[in-house]
Amino acid sequence: FSVEASAVERNKQKAGRGSKTKSNVMVMAESTILEDIETRKINRQCRYFKARALDDHKADNADQALKKAIDGEKAIIFSDKSTSYLNIEDYVSIHMTEKSSQQTTKQTLRWVHIAIGNAKKDLQKFHKIKRKYLQLYLNEFIYKLNRRYFGDKIFNRLIIAGITATGR
């Protein structure tokens, strides 16, 4: 994700991974595999997303974000072969990796790439996002994305959430 950088950082920056104008973000999608009984066609339906802005590309950062985001006992993780995901097997029951390719983007990690594309498009309206505020912008986007199917029920759900939260 693009973030604001000072003029000095922009002049000294390197291209690609580790650039001062880019911030590393871990995007996670919860998907359920559905199979059509008649056609035997397998479809993945996606419901909830999470996104975490990471300080760097190191595996320790990714591990901490993943531990907070998932229930490791029953989680099955599909990821690309990034070196940031080396220790994931320690936290989940199954971790499957695939080299990033056009096929992987269209099938296995489809919803993650769709969410990333939509988030980048949505965040374009904010011209210069500071790195320290990126997580707040991502939280807003993910909040809206996870409630996309609420429709007319959103007000009732908000009332219920408000009532149950005051009792705690």
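I take buried as under 20% relative accessible area, exposed as over 50%, and partly exposed as in between, with a 1.4 Å probe and protein chains only.

**Ground rules.** I am working on a predicted model, where local features need pLDDT of at least 70, side-chain atom pairs count only at pLDDT 80 or more, and totals for chains, interfaces and linings use all residues. Residues are numbered from 1 along each chain as its sequence is written, and side-chain values use heavy atoms, with hydrogens and water left out.

**Salt bridges.** I searched for a side-chain nitrogen of Lys or Arg within 4 Å of a carboxyl oxygen of Asp or Glu. The structure has two such salt bridges.

I looked up Lys144 first. Its side chain meets that of Glu140 in a salt bridge, 3.3 Å from N to O. Both residues sit in helix α5 (residues 134-146); they are four residues apart, so about one helical turn separates them. Helices here are DSSP runs of H or I with at least four residues, strands are runs of E with at least two, and both are numbered from the N terminus. Lys144 is partly exposed at 46% relative accessibility. Glu140 is partly exposed too, at 37%.

Then I took Lys125. It bridges to Asp122, with the closest N and O atoms 3.2 Å apart. Lys125 has a relative accessible area of 47%, so I log it as partly exposed. Asp122 counts as partly exposed at 22%.

**Nonpolar cores.** I defined a core as a set of buried Ala, Val, Leu, Ile, Met, Phe, Trp, Tyr and Cys residues joined through side-chain atoms within 4.5 Å. The largest has 17 residues, and Phe1, Val25, Leu134 and Leu138 have the most contacts inside it. The elements giving it two or more residues are β1 (24-35), β2 (42-54), α4 (110-123) and α5. Helix α5 supplies the largest share, five residues. Another core lies apart from this one; it has 11 residues, among them Met26, Ala75, Ile77 and Ile88.

**Phe1 and Ser23.** I listed contacts, meaning heavy atoms within 4.5 Å. Neighbours within four places in sequence were left aside for Phe1; its partners include Ser23, Val25, Ile116, Leu123, Leu134 and Leu138. Ser23 is in the loop between α1 (7-12) and β1. Is Ser23 buried or exposed? It is buried, with a relative accessible area of 6%. With the neighbours within four places in sequence again left aside, Ser23 touches Phe1, Val3, Leu54, Arg131 and Leu134.

**Aromatic pair.** I paired rings of Phe, Tyr and Trp (its six-membered ring) when centres lie within 6.5 Å; planes under 30 degrees apart are stacked, over 60 edge-to-face, and the rest tilted. Phe126 and Tyr137 form it, tilted, at 4.7 Å centre to centre and 50° between the planes. Phe126 is in the loop between α4 and α5 and Tyr137 in helix α5, so the pair ties together parts 11 residues apart in sequence. Phe126 is partly exposed at 28% relative accessibility. Tyr137 is partly exposed at 24%.

**Surface patch.** Patches take residues with over 30% relative accessible area and no salt bridge; like charges are joined within 9 Å, nonpolar side chains (Val, Leu, Ile, Met, Phe, Trp, Tyr) within 5 Å. Areas come from the Shrake-Rupley method with a 1.4 Å probe, and for residues only the protein chains shown count as cover. I found Ile154, Phe155, Ile159 and Ile163 in a nonpolar surface patch, with about 400 Å² of accessible area together. Ile159 belongs to helix α6 (residues 154-166). It is partly exposed, at 39% relative accessible area.
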